[in-house]
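The sequence and structure come first.

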Amino acid sequence: GTAMSAQGRDGHAWWAALRHGGLLLSPVVLDEWLPGGLPALDDRRYRRLRDRFTAFQAKTAGDGDRAAVHEWLDALLEEFLGHSKERWKKGADVPEQATATSVTGQRLRPHRVLLGESGAPSVLVAVDDSPRVGLHRGRRAHARFVELLRLTGHRLGLLTNGRQFRLCYAGLDHDAWCEWEAEAWFAEGETRSQLQGLIALLGPDALRVVNGTPRLHAAVESSRSRQGELSQVLGDQVRRAVELLVNGLDAAARNDAGFLESLYQNPSGARLSEKDALAAIYQAATRLVMRLVVTFFAEARDLLPRSQPIYDEAYGVEGLFAQLESAARHEGLRGLEGQRGAWPRILGLFRLIHGGSHHEALPVPAYGGTLFRAGDVSASDPVLRAMALFEDARVDLSDRAVLELLRLLKIGRIRVRRGTASAWVAGPVDFSDLRTEYIGIMYEGLLDYELRRVSAESPMLILGLGKEPV
């Protein structure tokens with residue numbers, strides 16, 4: 001067989017590209033788990049699996065055909081992943097200890113169970129008929145599945161409709177998941193490394209029991225205790241996100257000599273100083289980035305209606321991130337450079353959070369407050385006038401720039417040791433677990449910086465720091 005590329009310069013970029021809820025595995029733990037990179041992919045087995053997926057797609061065009069889903073699951077979980085047939089129990093053979101009764105009295109049972117070395121259930125698998133696993137009407141199936149994992153004490157499960165595969169972990173006090181899109185495994189390019197990632201996390205080696213615990217369970221629990229490392233990284237990335245927004249404003253000011261005039265023009269008549277104008281721009285950019293951080297946090301904790309299709313597909317920031325990532329995979333980043341839909345959508349989301357919506361398909365209370373207050377070109381507060389500039393149509397932020405902005409907030413990068421060398425690894429930030437006081441610390445960290453302007457003739461800034469100027 002032929003080995004396909006495993007790890008690029010971004011460490012486990014395949015992991016960061018999956019959809020995530022909470023923190024399943026931290027990049028540091030993942031790096032220790034796979035020191036030699038991803039397992040190789042046997043070309044013949046890969047082609048056979050692709051044929052089985054194509055057959056499954058043909059049989060289920062548009063509607064859920066349970067028999068076709070189970071045929072496809074046999075091909076993936078038994079033939080491809082390499083767990084022996086007798087380890088799998090299906091349908092009526094599912095052991096009683098893998099079933100439970102929900103708090104509402106409903107009988108919960110998986111469709112198949114993988115038994116571990118000791119003969120006890122190791123992974124529970126449930127099939128969901130929803131068009132999208134865990135979203136919209138699929139949210140109930142996800143909630144029931146997590147309840148089943150928790151009630152039975154078998155923490156690991158796979159929820160799937162055949163197209164999406166959601167690996168769920170229900171710990172004692174938290175649950176987390178990551179989700180694969182099967183179509184990506186068979187697309188041209190790097191995304192097939194995600195299938196190698198599935199083998200790494202669900203193959204026989206991953207579920208081997210070491211010191212009484214399956215390896216994957218131990219890795220998930222270890223990741224929980226090391227989330228703090230990722231939080232520290234966010235500080236620098238949040239500052240870079242602010243810089244990205246300021247660069248967008250800078251480009252608009254270069255294209256239009258009078259663009260910043262409304263900021264300098266105080267309603268009282270006195271002209272704003274250069275120092276105060278730059279401070280207002282920096283404050284406004286900081287406020288916009290903190291809005292995104294708070295929105296990610298609110299969506300992760302279900303404080304905003306992510307389960308409503310209109311919110312998720314037309315407003316939500318997690319939904320937008322998934323759409324932009326998908327567009328980048330299919331059209332490339334260059335394709336996103338020519339598109340301009342993402343930034344206006346984010347501004348619309350901010351207006352929605354501030355002003356609320358009473359529509360039954362989009363129930364959002366009006367949160368009001370200073371953070372989400374829209375800019376005002378005639379306000380006496382220069383920060384509000386600067387905010388109005390960021391909301392101006394002349395600020396030309398491409399969808400590529402917005403994807404970059406969201407990646408800076410969503411995906412943390414940590415330097416880890418590999419033997420004698422070191423490397424960067426990337427992993428998703430768990431916003432549901434981000435403590436509220438950390439959001440305050442992040443904001444205060446941004447206030448340590450200030451914005452300066454240099455002239456085109458002399459693009460260098462001398463700061464009198466200590467004995468040596470910088």
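The sections below cover cavities, a salt bridge, a pocket and a helix pair.

## Basis

The model is predicted. Rolling a probe the size of a water molecule over the atoms shows where empty space is left.

## Largest cavity

Two cavities of 30 Å³ or more are counted. The largest cavity holds about 70 Å³ of space. Its lining consists of Arg45, Arg48, Leu49, Arg52, Ala75, Glu79 and Phe80.

Helices α3 (43–59) and α4 (66–80) are the elements that each give two or more residues to this lining. The largest share comes from α3, with four residues. Sorted by class, the lining of the largest cavity has four charged residues, three nonpolar ones and no polar ones.

Arg52 belongs to helix α3 and Glu79 to helix α4, so the pair ties together parts that are 27 residues apart in sequence. Across the structure, the number of salt bridges is 30.

## Second largest cavity

The second largest cavity has about 40 Å³ of space. Which residues line the second largest cavity? They are Leu77, Leu81, His83, Trp88, Leu114, Val123, Val125, Leu158 and Leu202.

By class, eight residues of this lining are nonpolar, one is polar and none is charged. For the largest cavity, by contrast, the lining includes four charged residues.

## Second largest pocket

The volume of the second largest pocket is about 800 Å³. The pocket is lined by 26 residues, and the closest to its centre are Val246, Asp250, Leu451, Arg452 and Arg453.

At least two lining residues come from each of α9 (227–255), α10 (261–264) and α11 (274–300). The most come from α9, which gives nine residues. The lining of the second largest pocket divides into 15 nonpolar, nine charged and two polar residues.

## Packing of α14 and α16

Two packed helices are described by the angle between their axes and the distance between the axes. For helix α14 (residues 342–355) and helix α16 (residues 399–410), the angle is about 55° and the axes lie 8 Å apart. The angle makes α14 oblique to α16.

On the α14 side, the contact is made by Ala342, Trp343 and Ile346. On the α16 side, Asp399, Val402 and Leu405 take part. By class, the contact has five nonpolar residues, one charged residue and no polar residues.

Note on methods
Residues are numbered from 1 along each chain as its sequence is written. This is a predicted model: local features need pLDDT of at least 70, side-chain atom pairs count only at pLDDT 80 or more; totals for chains, interfaces and linings use all residues. Side-chain values use heavy atoms; hydrogens and water are left out. On a 1 Å grid over the protein atoms alone, a cavity is a set of points where a 1.4 Å probe fits but cannot get out, and a pocket is an open set with protein on both sides within 12 Å along at least five of seven lines; lining residues have an atom within 4 Å of a point. Grid points are joined across faces, edges and corners, and a volume is the space filled by probe spheres set on the points. Ala, Val, Leu, Ile, Met, Phe, Trp, Tyr, Cys and Pro count as nonpolar, Asp, Glu, Lys and Arg as charged, and the others, Gly among them, as polar. Axes are lines fitted to C-alpha atoms, for helices over the stretch in contact, and angles run from 0 to 180 degrees between N-to-C directions. Angles under 35 degrees count as roughly parallel, over 145 as roughly antiparallel, 65 to 115 as roughly perpendicular and the rest as oblique. Contact means heavy atoms within 4.5 Å. A salt bridge is a side-chain nitrogen of Lys or Arg within 4 Å of a carboxyl oxygen of Asp or Glu.
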